Amino acid sequence: MSFAAARAATPPADVAALHDIAVAPSPARIEADIRTLVGFGTRHTLSETASDTRGIGAARRWIKAEFERISKDCGGCLEVVTVSDTVSGETRIPDPVEVVSVIAIQRGSADPDRVVIMSGDIDSRVSDVMDSTSDSPGANDNASGIAGTLEAARVLSTHRFNGTIVYAALAGEEQGLFGGRILADHAKAKGWRIEAVLNNDMIGNIAGINGVVDNTTARVFSEGTRVTETPEEARARRFTGGEVDSPSRNLARYIDRMADRYVPNLEVMMVYRLDRFGRGGHHRPFNDVGAPAVRVMETNEHYDRQHQDLRTEDGVTYGDTLDGVDFAYAAKLTALNAVSLAGMAWAPPPPADVGIEGAVTADTTLRWTRPPATQAPGLAGYRIHWRLTTEPQWTHSRYVGNVDTYTLENVVIDNYFFGVSAVGTNGAESPVVFPGAAGSFGGYAPTP
């Protein structure tokens, strides 16, 4: 295909429905949900489970009921289930405790095993991580993430998608990321092909301990080289690159581009690190099994409001209370999640088996495999991307049509990084896939 023909065949680059989704999340609904969650007193993983008004048991039953209410409103479009396991013998869970997460599954119509996940954490804590009885409002950490996940479900359940969206309220985060580990194991057992996990952990604070007040930026943390990389894959990567092009990194780039295109007055700061320095979040268990997963959160944290007993000392107020949450900002970050989830679920699956060649030539050739037609009924074709190796974001692209190989003439392989994305007839586009094992988002579902 000639360059002129490729340009003529380019489908629309904009998805009108995503603009509507971007302004749909309601600050008022998010505020109401956060207030309800704070009202349970404490949501510590080891807290009360029998009470209807206090403790993590009451909180998770309310979350489940809320997902069921959302499902009723969309004609039963969500399958609401609990995913649990008993944990014991751990430093922060010494005695047996059932760690129960609540998930709502919005199954895709064409490729239901291809899954994108939005998650938040149910549990809260105070200064002593083992204190399960003191009041622990957890308004921002992480009622904000749960409220955002519920609100995304309300917004996106009014639409239908090719791929599956899972909304997850995960337990046990403060005690050791147990809810994420349990769900990652559940996903593997169910045969889910996880395309993306967007873990939302603290999305409501705009006033940082550094004195900065900012409601226009968000951070997306993403790991580099996969922890599951084999020695053989590491040897190949040494000579071909990929250290900054893991699927998690290209998921972060995708979210950044969605913010630029669809979410007004929001810039994404991509942070090239698994998480904040020396700290962890519920996306990590998915990274641990090789799945693309990132952390979405506020840019300016206030540490006096995290993991603190409620108190005032020397004129300083400590504790994670409602007055530290900006509900409009939480709605904006919810919108960022919603457009990203919708964009991926509407798009065809990311290309599989992406390969590249062109050493000691003037041209660069990329190859990939296309999915079975039943898994990508709206596939229009593919887009080639490239950038200088020092650029953080893809800077050049060319739509090449519904082919499985393409040669960029006079674009020297040594000077750039390359990738391929799948484009739908509706304009929705997958994340970019870097060639080789280092950048793979996985394969397609086996055909019957």
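When I say that residues pack or are in contact, I mean that they have heavy atoms within 4.5 Å. Please keep in mind that this is a predicted model.

Let me begin with helix 6, whose buried residues are F178, G179, G180, I182, L183, A184 and A187. Those buried residues pack against strand 1 (79-87), strand 2 (97-106), strand 4 (163-170), strand 5 and helix 9 (284-288). As for its geometry, the 13 residues of helix 6 should span 18 Å at 1.5 Å a residue, and its end C-alpha atoms are 18 Å apart, which agrees. Just after the helix, G191 takes a positive phi of about 75 degrees.

Now to the largest pocket, which has a volume of about 400 Å³. Of the 21 residues that line this pocket, the closest to its centre are W192, R193, I194, V289 and A291. Which element gives the largest share of that lining? Helix 6 does, with 4 residues, and the elements that give two or more residues are helix 6 and strand 5 (193-200).

Finally, the nonpolar cores. The largest has 97 residues, and those with the most contacts inside it are F67, L156 and W192; helix 10 (residues 327-346) gives the most to this core, with 13 residues. Apart from it lies another core, of 20 residues, among them V354, L408, F418 and Y444. In soluble globular proteins, nonpolar side chains tend to be buried together.

Conventions:
Residues numbered from 1 in each chain as written. Predicted model: local features only at pLDDT ≥ 70, side-chain atom pairs only at ≥ 80, totals over all residues. Heavy atoms only, no water. 1 Å grid on protein atoms, 1.4 Å probe; cavity = no way out; pocket = protein on both sides within 12 Å on 5 of 7 lines; lining within 4 Å. Points joined across faces, edges and corners; volume = space filled by probe spheres on them. Core = buried A, V, L, I, M, F, W, Y, C linked by side-chain atoms within 4.5 Å. Buried < 20%, exposed > 50% of the residue type's maximum accessible area, 1.4 Å probe, protein only. Expected span 1.5 Å × (residues − 1).
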